[in-house]
Amino acid sequence: MEKRVNLKKQEVLKYKCRICGYIYDLTKGDEKRAVMPETPFEKLPDSWRCPVCFYPKSHFYQVKDGHRKEI
Ligand SMILES: [Zn+2]
């Protein structure tokens with residue numbers, strides 16, 4: 001029996017702003033707001049807002065890296 005340990009790859013989630021389409025990429029962080037790379041979306045301060053349209057975190061939803069869902 002072989003167990004796959006592939007969790008790390010599946011953990012690469014991005015968060016997309018449903019207002020303007022901006023994607024928060026945790027591998028990059030948010031330079032403009034001094035958010036260090038590798039900062040998970042959940043760890044962003046509540047005061048963090050979309051750098052494009054300034055809507056709060058609650059307007060973001062998860063997207064899986066490599067998959068784009070057309071709405
Ligand atoms: Zn936005």
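1. D30 counts as buried, at 5% relative accessibility, where buried means under 20% relative accessible area, exposed over 50% and partly exposed in between, with a 1.4 Å probe and protein chains only. D30 has its place in the loop between β2 and β3, the strands being DSSP runs of E with at least two residues, numbered from the N terminus. Apart from neighbours within four places in sequence, D30 is in contact (heavy atoms within 4.5 Å) with Y22, Y24, V35, W48 and P51. From C-alpha to C-alpha, D30 and W48 are 9.9 Å apart in space, while in sequence they are 18 residues apart.

2. On provenance, this is a predicted model, in which local features need pLDDT of at least 70 and side-chain atom pairs count only at pLDDT 80 or more, whereas totals for chains, interfaces and linings use all residues. Residues are numbered from 1 along each chain as its sequence is written, and side-chain values use heavy atoms, with hydrogens and water left out.

3. The zinc ion has as its protein donors the SG atoms of C17, C20, C50 and C53, which lie 2.3 Å from it; donors are N, O and S atoms within 2.8 Å of the metal (3.2 Å for Na, K and Ca), and sites may look incomplete because water is not among the atoms. The site is tetrahedral, with angles of 103 to 118° among its four donor atoms, a label that for four donors requires all angles to lie between 85 and 135 degrees. For comparison, the ideal angle for four tetrahedral donors is 109.5 degrees.

4. The donor residues are spaced C-x2-C-x29-C-x2-C in sequence. Distant parts of the chain are linked by the pair of C17, in strand β1 (residues 13-17), and C53, in the loop between β2 (23-24) and β3 (60-64), which are 36 residues apart. C17 is buried, with a relative accessible area of 2%.

5. The three strands form an open sheet in the order β2-β1-β3, with antiparallel pairing, two strands being paired if DSSP finds at least two bridges between them. Because β2 and β3 stand at the edges with a single partner strand each, one side of each is left without a neighbour in the sheet. β1 and β2 run antiparallel and are joined by two bridges; the bridge partner of K16 in β2 is I23.

6. K57 lies in the loop between β2 and β3. Leaving aside neighbours within four places in sequence, K57 is in contact with F41, E42, L44, P45, D46 and W48.

How values were computed. Four donors count as tetrahedral if all angles lie between 85 and 135 degrees; four count as square planar and six as octahedral if opposite donors are over 155 degrees apart and all others between 65 and 115; anything else is irregular. Helices (H or I, at least four residues) and strands (E, at least two) are DSSP runs, numbered from the N terminus.
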